[in-house]
Amino acid sequence: LWKMVDRPNLMIKVPATQACLPAIETLIAEGINVNVTLLFSLARYREVMRAYIRGLARNPHPQKVASVASFFISRVDAAVDAELQRLDSAQAAGLKGRVAIANARLAYQYFRETFKGPAFEEQRRRGARVQRPLWASTSTKDPQFRDVLYVESLIGADTVNTIPPATLDAFQAHGELRATVELDVSKAAQDLETLEASGVELVAITDKLEHDGVASFAESYDALLALLERKRFDVSKEYASG
């Protein structure tokens with residue numbers, strides 16, 4: 001795909017699964033831009049950043065390659081809030097709509113620790129770029145929350161937000177633009193601790209989200225290829241008959 005498209009701003013999507021970590025490292029080493037997608041867990045994010053830095057170390061021209069690490073936001077809250085709803089307690093109710101933001105804010109702290117620290121120092125001297133965190137799935141699914149909740153709460157340096165058109169319109173109409181991704185980090189950590197104490201296992205939820213996300217992406221890709229094959233067949237048949 002990289003060679004066929006032949007454009008320096010192309011990013012190849014690679015899921016952030018355990019099995020794909022070597023592929024991410026190798027593609028970066030070969031100078032291919034990578035959008036590491038379907039990130040949900042903090043532990044996997046650390047592995048992704050390490051794979052990126054290892055790839056840069058193998059790349060003779062690291063300044064020419066770019067990458068983002070795409071965290072999915074609203075999907076986390078949708079799954080977690082369903083579990084909290086079943087608990088039906090005041091403590092659980094207080095966590096609704098908070099866990100995805102807490103997860104992302106802690107991920108941003110990991111990003112800063114890694115790319116501002118010694119782990120990235122050598123590649124920084126070689127002119128390499130940081131692997132920017134990307135916030136995906138940032139439309140608010142639950143109508144009881146502000147429609148720009150996930151956009152307003154995760155604004156910060158070196159981040160990307162793939163905002164859906166309706167959410168972008170809403171943010172332009174009444175969103176508040178200020179740096180927020182590093183606010184209340186200690187509270188974010190506390191929220192995740194409270195979640196675990198309540199009996200909701202975030203790791204189990206993020207593992208399932210990753211599994212389901214990969215299956216969904218594969219199904220969509222297979223459907224696309226099948227559609228293209230049908231179109232190719234129809235065009236070739238028309239050409240032969242004409």
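What we have is a predicted model, in which local features need pLDDT of at least 70 and side-chain atom pairs count only at pLDDT 80 or more, while totals for chains, interfaces and linings use all residues. Residues are numbered from 1 along each chain as its sequence is written, and side-chain values use heavy atoms, with hydrogens and water left out.

Let me start with strand 4, residues 132-136, which is largely enclosed by the rest of the structure because four of its five residues are buried; buried means under 20% relative accessible area, exposed over 50%, and partly exposed in between, with a 1.4 Å probe and protein chains only. Strands here are DSSP runs of E of at least two residues, and helices are runs of H or I of at least four, numbered from the N terminus. Strand 4 pairs with strand 3, residues 67-72, in the parallel sense over five bridges, pairing requiring that DSSP finds at least two bridges between the strands. Phe72 stands opposite Ala136. Strand 5, residues 160-161, also runs parallel to strand 4, joined by two bridges, and there Asn161 is the bridge partner of Trp135.

Turning to charge, the structure holds 14 salt bridges, each a side-chain nitrogen of Lys or Arg within 4 Å of a carboxyl oxygen of Asp or Glu. One of them joins Glu182 to Arg112, with the closest N and O atoms 3.3 Å apart, and this pair links distant parts of the chain, 70 residues apart. Glu121 and Arg125 form another, at 3.6 Å from N to O, both within helix 7.
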